[in-house]
Amino acid sequence: PAPGEPLLEARALRKQFGGLVAVNGVNFSLKAGEIMGLIGPNGAGKSTTFNLVSGVLSLTSGEVLFRGEAIAGLSSRAIARRGMSRTFQHVKMVPDMTVLENVALGGYLRSSGGLLRAMLRLDRAEERQLLAEAERQLRRIGMAELMFERAGNLALGPQRLMEIARALCTDPSLLLLDEPAAGLRLKEKQALAEVLRQLKQEGLSILLVEHDMDFVMGLVDHLTVMEFGTWLMAGTPAEVQASPAVRAAYLGT
Ligand code: ADP
Ligand code: MG
């Protein structure tokens, strides 16, 4: 879609885990070229919403449109191939491998047939190509000098950036990030925000789940606020900050 047109639309999302309704009646529309934040207190249903949108969880009911097409029921791999790429709330990596290898492996697992195939079938040319793509993405986000570092040695900030590089390897148009700033030091948060602004400049759209209000407010174009699994409000950061309902729910004031 052209900038400003809907890229991702969530309609009446509902997810039930047994007797627990984790997400109920959540709607939002993310426009191409924007950064949208999904915020709300812990347990509000943000990660579940994320997992519904990215195909990691199946919907109880509702609809997800990506590039105008219904994607509910597609595998997360199929969704990734259409141009949606994500990170998880907890960093996933092989600590004893290098940063470059971790990024390359992730790119492979997303694009093709899984770990077994990665181990059995990867030929030299494919491997070179994956490593070259991983290197390109690490350079893109300013991590080239950490390429040959053991991934397990990285601080949390660079680990999160490594995950973003990995998500970029499939050349997504939409990046989904689940609490990328959680646990980061101020300097690391600023570095992360800088990378996300750069990616937006380059034309990427980003959906950001975040618990940290300060981090999102300066970064996003629009916000959707959740509370107790439901949609509470949507608007610009200024509108959301001015909302008494949000203050009551989120800030407890
Ligand atoms: P948030 O990311 O906003 O903190 P979550 O989406 O992780 O919230 O969780 C929303 C609610 O759903 C919580 O009450 C949580 O305990 C519950 N929940 C999340 N995942 C599962 C699951 N796989 N099985 C059962 N309950 C779950
Ligand atoms: Mg969460």
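I began with the pairing of strand β3 (residues 35-39) and strand β9 (residues 222-227), which run parallel over four bridges, where strands are DSSP runs of E of at least two residues, helices runs of H or I of at least four, both numbered from the N terminus, and two strands pair if DSSP finds at least two bridges between them. Within this pair I found M36 opposite H222 in β9.

I noted that this is a predicted model, in which local features need pLDDT of at least 70 and side-chain atom pairs count only at pLDDT 80 or more, while totals for chains, interfaces and linings use all residues. Residues are numbered from 1 along each chain as its sequence is written, and chains are lettered from A and ligands numbered from 1 in the order in which they are written.

I then followed the sheet, which is open and mixed, with six strands in the order β6-β7-β8-β3-β9-β10, and whose edge strands are β6 (84-86) and β10 (230-235). The twist averages 20 degrees from one strand to the next, with axes fitted to C-alpha atoms, for helices over the stretch in contact, and angles from 0 to 180 degrees between N-to-C directions.

I looked up the domains, whose bounds come from an automatic or database assignment, and found domain 1 (1-83 + 172-253) and domain 2 (92-171). Their contact takes 12 residues from domain 1 and 11 residues from domain 2, counting residues whose C-beta atoms, placed from the backbone, lie within 7 Å. On the side of domain 1 that touches domain 2, α7 gives the most, with four residues.

Terms used. Two residues are in contact if their C-beta atoms, placed from the backbone, lie within 7 Å.
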